[in-house]
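Subject: Structure handover

Hello,

Here is the structure you were waiting for. Please open it alongside this message.

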Amino acid sequence: MDKNCLFCKIIAGEIPSNKVYEDEDMLAFRDINPQAKTHVLVVPKSHFATLAEMNAEQAELLKKCFVKIPEIAKSLGLESGYRLIVNQGKDAGQTVFHLHIHILGGQNMGEKLV
Ligand code: 5GP
Ligand code: ZN
């Protein structure tokens with residue numbers, strides 16, 4: 001845990017969140033400023049800011065997050081699809097430097113960036 005990290009504090013329960021899924025490896029909770037009808041963040045329970053800082057153990061955790069996402073998406077009613085975003089660094093607009101995956105859906109997600 002990084003004591004200065006917002007998401008570490010949410011994982012520790014020091015800051016409340018609207019949880020949609022939790023297990024020993026990850027926490028998923030609703031974004032406080034949703035950018036789509038459904039906007040959930042999936043956060044591995046190990047602090048690392050970006051993929052560049054990720055160690056082998058954390059890579060396993062991230063893999064578990066991706067394996068779990070279809071189940072989380074289903075529980076959110078996103079059967080017709082969703083978009084995943086992982087912002088990396090300043091140019092991508094990353095604001096919380098604890099790696100997280102955005103799940104966006106519940107509506108047509110509009111024009112694609114790529
Ligand atoms: P980033 O811009 O780093 O990819 O995403 C960070 C996300 O965290 C943003 O979408 C922002 O709305 C969300 N966020 C920031 N502070 C909080 C908070 O205290 N609680 C929750 N649930 N989400 C937060
Ligand atoms: Zn953290």
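Below is what was found in it, from the overall fold down to single residues.

Please keep in mind that this is a predicted model.

Overall fold

The protein has 2 helices and 5 strands. Along the sequence they run α-β-β-β-α-β-β. The C-alpha atoms fill a box of roughly 35 × 30 × 25 Å along the principal axes.

Of the 114 residues, 39% count as buried. Look at the contacts between residues with a separation of 6 or more: 51% of them join residues 24 or more positions apart.

Surface and charge

The accessible surface comes to about 7000 Å². Carbon and sulfur atoms account for 52% of that surface. There are 13 positive and 14 negative side chains. The centres of these two sets lie 5 Å apart.

Nonpolar cores

The largest nonpolar core has 15 residues. Which residues have the most contacts inside it? They are Val 42, Ile 72, Ile 101 and Ile 103. Helix α2 gives the largest share, with 5 residues. A second, separate core has 10 residues. Among them are Phe 7, Cys 8, Ile 11 and Phe 29.

Start with Ile 103, which is among the residues with the most contacts inside the largest core. Leaving out residues up to four places away in sequence, Ile 103 touches Thr 38, His 39, Val 40, Val 42, Ile 69, Ile 72, Leu 78, Tyr 82, Arg 83 and Leu 84. Two of these partners, Val 42 and Ile 72, are also named among the residues with the most contacts in the core.

Then go to Thr 38. This residue sits in strand β3 (residues 38-44). Is Thr 38 buried or exposed? Its relative accessible area is 11%. Buried means under 20%, so Thr 38 counts as buried. With the nearby sequence positions (up to four places away) left out, Thr 38 touches Arg 30, Leu 76, Leu 78, Ile 103, Leu 104, Gly 105 and Gly 106. Leu 78 is touched by both Thr 38 and Ile 103.

Best wishes

Note on methods
Residues are numbered from 1 along each chain as its sequence is written. Chains are lettered from A and ligands numbered from 1 in the order in which they are written. This is a predicted model: local features need pLDDT of at least 70, side-chain atom pairs count only at pLDDT 80 or more; totals for chains, interfaces and linings use all residues. Side-chain values use heavy atoms; hydrogens and water are left out. Helices (H or I, at least four residues) and strands (E, at least two) are DSSP runs, numbered from the N terminus. Buried means under 20% relative accessible area, exposed over 50%, partly exposed in between (1.4 Å probe, protein chains only). Contact means heavy atoms within 4.5 Å. Accessible areas come from the Shrake-Rupley method with a 1.4 Å probe; for residues, only the protein chains shown count as cover. Lys and Arg count as positive and Asp and Glu as negative; His and the chain ends are not counted. The place of a charge is taken as NZ of Lys, CZ of Arg, CG of Asp or CD of Glu. A nonpolar core is a set of buried Ala, Val, Leu, Ile, Met, Phe, Trp, Tyr and Cys residues joined through side-chain atoms within 4.5 Å.
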